[in-house]
Amino acid sequence: MVDQIVELDPTYATVQPPAADVVVVGGGIMGLSTAWHLAVRGVRNIVVVERAELGSGSSAKPLGGVRANFSDPGNIELGRRSLEAFRSFPQQFGADIGFQQVGYLFLCRSAVEVADLEGATEVQNGLGVDSRMVSPREAAEINPLLDPAALTGASFSPGDGFAAPGAVVAAYAAASVALGVTILDRTQVVDVQRDAGGVESVTTNRGTIRTGAVVCCAGAWSARIGAMVGVDLPVTPVRRLIGLTRQRVVPYPTVPFTLDLSTTFYHHNYRNGLLLGISHQQEPGFAREFDYDWLPELNAAAGVCAPQLENPDLEGGWAGLYENTPDRNALIGEARELPGFFYATGFSGHGFLQGPAVGELVADLFLGRPSFLDPGHFSADRFSAAASGVREVNII
């Protein structure tokens with residue numbers, strides 16, 4: 001897990017071309033995974049535009065967790081397939097992404113939560129995911145920072161873990177450029193034009209690119225991009241803050257990425273210290289300033305299931321953005337009302353871990369090919385239809 005922002009190598013900076021076969025909006029994990037998957041499938045004249053630096057949006061400061069431990073079959077498959085990609089990154093890209101297979105531990109503190117996780121575990125196992133339910137006592141053996149008396153059960157998936165988002169972004173960027181993808185940083189989309197047939201062009205602060213296809217991977221800023229062409233992408237930015245304890249001479253015990261479903265308190269190792277957080281109450285908005293106003297919520301939650309971590313000795317932390325949808329699940333698809341406008345956004349806190357698989361899925365969708373998953377499950381149309389959305393238990 002790293003908190004770096006990946007700087008563009010100067011060799012990536014190029015003049016904006018006047019035309020492209022596809023413009024990918026957003027230079028984070030989604031945009032770069034999509035660009036690379038398109039390029040390896042033979043698509044040429046791909047342009048990626050990023051309003052700031054690569055990975056400086058939601059990809060810059062996530063938790064770095066990678067997992068297939070979900071309850072929804074679509075999310076499980078996106079996570080499982082992405083895990084396979086993360087494990088093969090050193091061989092495929094020659095990049096060390098700091099993958100640590102410490103597992104994921106979801107904590108239950110009610111009978112309802114136990115039933116939910118039992119159902120999720122059964123679905124996971126049916127899709128080939130190694131996960132199991134564990135007792136409170138076993139959960140505390142796996143993570144000795146926990147108080148087993150506070151738990152009613154837990155689920156554990158030993159094949160999950162965390163990786164370094166910055167390293168993943170950098171690897172995708174370098175591999176994409178090697179395949180001829182044009183990456184433009186500090187390039188902001190100011191308008192997307194449409195005609196009677198679909199997408200016509202994208203205008204940035206550098207000028208206009210004629211194109212018949214756009215892939216919106218703009219994360220928390222996606223609603224603005226969609227609005228330019230009348231496509232409703234219900235994505236709301238919400239600030240999330242993470243705390244880092246001081247590095248200790250004697251490290252904390254190695255623990256899984258641990259999350260309490262009731263309070264949303266989570267923690268995992270960070271070198272010799274810990275990373276801690278909670279889905280604290282925040283007003284929607286683009287603010288990304290770090291402060292300590294959320295600590296009372298964190299302390300109250302830690303005091304319930306991990307009293308040793310109450311009032312942690314924090315040396316700092318960071319703030320980033322969740323890109324939330326109404327049901328807290330992704331938007332993946334092609335706009336029904338605008339051919340040529342594709343989107344992969346709204347991952348609501350689990351975009352990094354699904355990035356490799358989503359890039360593959362969007363590339364296949366763009367080319368009209370069958371893929372490993374039907375993206376219709378994640379269409380933005382679900383919010384304007386009778387469907388109630390995607391139900392996912394294992395998110396915070």
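The aromatic pairs number 13 in this predicted model. Two of them are set out here.

In one, Tyr104 and Phe257 have ring centres 4.5 Å apart. Their planes meet at 15 degrees, so the pair is stacked. This pair links distant parts of the chain. Tyr104 belongs to strand β4 (residues 104-108) and Phe257 to strand β14 (residues 257-260). The two residues are 153 residues apart. Tyr104 is buried, at 3% relative accessibility. Phe257 is buried too, at 0%.

Phe290 and Tyr292 make an edge-to-face pair, because their planes stand at 80 degrees. Here the ring centres are 5.0 Å apart. Phe290 is partly exposed, with a relative accessible area of 28%. Tyr292 is also partly exposed, at 39%.

One aromatic cluster is formed by Trp36, Phe86, Phe89, Phe93, Tyr172 and Phe352.

| Charged residue | Ring | Distance to ring centre |
|---|---|---|
| Arg67 | Phe70 | 4.0 Å |
| Arg240 | Tyr322 | 5.2 Å |

Now the strands. An open sheet has 6 strands, in the order β8-β2-β1-β12-β19-β18. Its pairing is mixed. Strands β8 (182-184) and β18 (331-334) form the edges, and each pairs on one side only. From one strand to the next, the twist averages 15 degrees.

How do β18 and β19 pair, and over how many bridges? They run in the antiparallel sense, over 4 bridges. Strand β19 covers residues 341-345. Across this pairing, Ile332 stands opposite Ala344 in β19.

Conventions. Residues are numbered from 1 along each chain as its sequence is written. This is a predicted model: local features need pLDDT of at least 70, side-chain atom pairs count only at pLDDT 80 or more; totals for chains, interfaces and linings use all residues. Side-chain values use heavy atoms; hydrogens and water are left out. Two strands pair if DSSP finds at least two bridges between them. Axes are lines fitted to C-alpha atoms, for helices over the stretch in contact, and angles run from 0 to 180 degrees between N-to-C directions. Rings of Phe, Tyr and Trp (its six-membered ring) pair if their centres lie within 6.5 Å; planes under 30 degrees apart count as stacked, over 60 as edge-to-face and the rest as tilted. Buried means under 20% relative accessible area, exposed over 50%, partly exposed in between (1.4 Å probe, protein chains only). A charge sits over a ring if NZ of Lys or CZ of Arg is within 6 Å of the ring centre and within 35 degrees of the ring normal.
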